[in-house]
Amino acid sequence: MQPRDTLTDNIPPHFSDRTIPFNEPTPFPLARRTVAVIASWLVPGAGHLALGRYGRALLFFVTIVGAFVLGLSLNGHLYWPTVAEPGSTFHYDLITVLWFFAEIGSGLCYIASYALGLGMTPIPQAAASPTFEYGNTFMFLAGLLNYLVIHDAFDIAAGRKH
Amino acid sequence: MHVLMMSMYAAMAAVVLATVDPKSETTRQRVIHGLKIFGSFLGIGLLLSWVLFPIPW
């Protein structure tokens, strides 16, 4: 049997099994969480900027916008879901839906390029460029990485990570 | 050209993947994790190209 410790005995019962949080992340209010996620989609890194993670914000902005701009400069194409050929199982051509999903992840990069008419060269002419596939790959990369960044911003805003 | 593009792709992917990694807590851990991802991309890319090179189609 262990001897009783007067110091331990005098601790009130509601403190006995309590762990003291040390450097735990705290969740942001719902409104700020929502703003962070939407901003993160629109401008890569903007969500982290809204949450005060300035270093990450700059890193994500430079990397993702850089990948998108590089893709455009390599004659990448802005995809939009196209209607499949008659007799197909699905109404839309599935591969163009997937490509569109990948590219729209970069938010305003895609929308601004569409508005400015960049990356809109018709496929047969665009595909004649030797860097066409490289360009598409970098534009897909930008959008898909931004989905991860949006998720990261949400996790930080929800208090799941620093 | 192809190796340059592959390296740039690997670098961009490694930067973001290492930064969002929830297991890395310090900058040093993130840098090491990023270098591993970068190396893996390049290594697997070169290995696949070496394996696929003899296939004629």
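This is a predicted model: local features need pLDDT of at least 70, side-chain atom pairs count only at pLDDT 80 or more; totals for chains, interfaces and linings use all residues.
Q: Which element of chain B gives the most to the side that touches chain A?
A: Helix 1 (residues 2-20) of chain B does, with 11 residues. By class, that side of chain B has 11 nonpolar, two polar and two charged residues.

Q: How many residues are in contact across the two chains?
A: 15 residues of chain B are in contact with 19 residues of chain A.

Q: How many salt bridges and how many polar contacts are counted between chain B and chain A?
A: The count of salt bridges between chain B and chain A is zero. Two residue pairs are in polar contact, both at pLDDT 80 or more.

Q: Which residues have the most contacts inside the largest nonpolar core?
A: They are Ile64(A), Phe68(A), Tyr110(A), Phe138(A), Leu141(A), Met12(B) and Val16(B). The core has 24 residues. Helix 5 (54-73), helix 6 (94-104), helix 7 (108-116) and helix 9 (132-157) of chain A each give two or more residues, and so does helix 1 of chain B. Helix 5 of chain A gives the most, with seven residues.

Q: What does Phe138(A) touch, leaving aside its neighbours within four places in sequence?
A: In chain A, Phe138(A) is in contact with Ala67(A), Phe68(A), Leu70(A), Gly71(A) and Leu74(A). In chain B, its contacts are Met5(B), Met8(B), Tyr9(B) and Met12(B). A second, separate core has six residues, including Phe28(A) and Ile156(A).

Q: Why is His48(A) called buried?
A: Buried means under 20% relative accessible area. His48(A) has 0%, so His48(A) is buried. His48(A) sits in helix 4 (residues 46-50) of chain A. Among the residues it touches are Arg56(A), Phe60(A), Asp152(A) and Ile156(A).

Q: How do you know that His48(A) and Asp152(A) are in polar contact?
A: The cut-off is 3.5 Å between N or O atoms. The side chains of His48(A) and Asp152(A) are joined at 2.7 Å.

Q: Why is the pair Asp152(A) and Arg56(A) called a salt bridge?
A: A salt bridge needs the nitrogen and the carboxyl oxygen within 4 Å. The closest N and O atoms of Asp152(A) and Arg56(A) are 2.8 Å apart, so the pair meets the cut-off. Asp152(A) lies in helix 9 of chain A and Arg56(A) in helix 5 of chain A, so the pair ties together parts 96 residues apart in sequence. Both residues are buried.

Q: What links Arg56(A), Asp152(A) and Lys161(A)?
A: They are linked in a network of salt bridges. Asp152(A) meets Lys161(A) at 2.4 Å, N to O. Asp152(A) has a relative accessible area of 2%, so it counts as buried. Lys161(A), at 13%, is also under 20% and therefore counts as buried.

Methods: Residues are numbered from 1 along each chain as its sequence is written. Chains are lettered from A and ligands numbered from 1 in the order in which they are written. Side-chain values use heavy atoms; hydrogens and water are left out. Contact means heavy atoms within 4.5 Å. A salt bridge is a side-chain nitrogen of Lys or Arg within 4 Å of a carboxyl oxygen of Asp or Glu. A polar contact is a pair of N or O atoms within 3.5 Å; within protein, one must be able to donate a hydrogen and the other to accept it, and residues adjacent in sequence count only if both atoms are side-chain atoms. Helices (H or I, at least four residues) and strands (E, at least two) are DSSP runs, numbered from the N terminus. Ala, Val, Leu, Ile, Met, Phe, Trp, Tyr, Cys and Pro count as nonpolar, Asp, Glu, Lys and Arg as charged, and the others, Gly among them, as polar. A nonpolar core is a set of buried Ala, Val, Leu, Ile, Met, Phe, Trp, Tyr and Cys residues joined through side-chain atoms within 4.5 Å. Buried means under 20% relative accessible area, exposed over 50%, partly exposed in between (1.4 Å probe, protein chains only).
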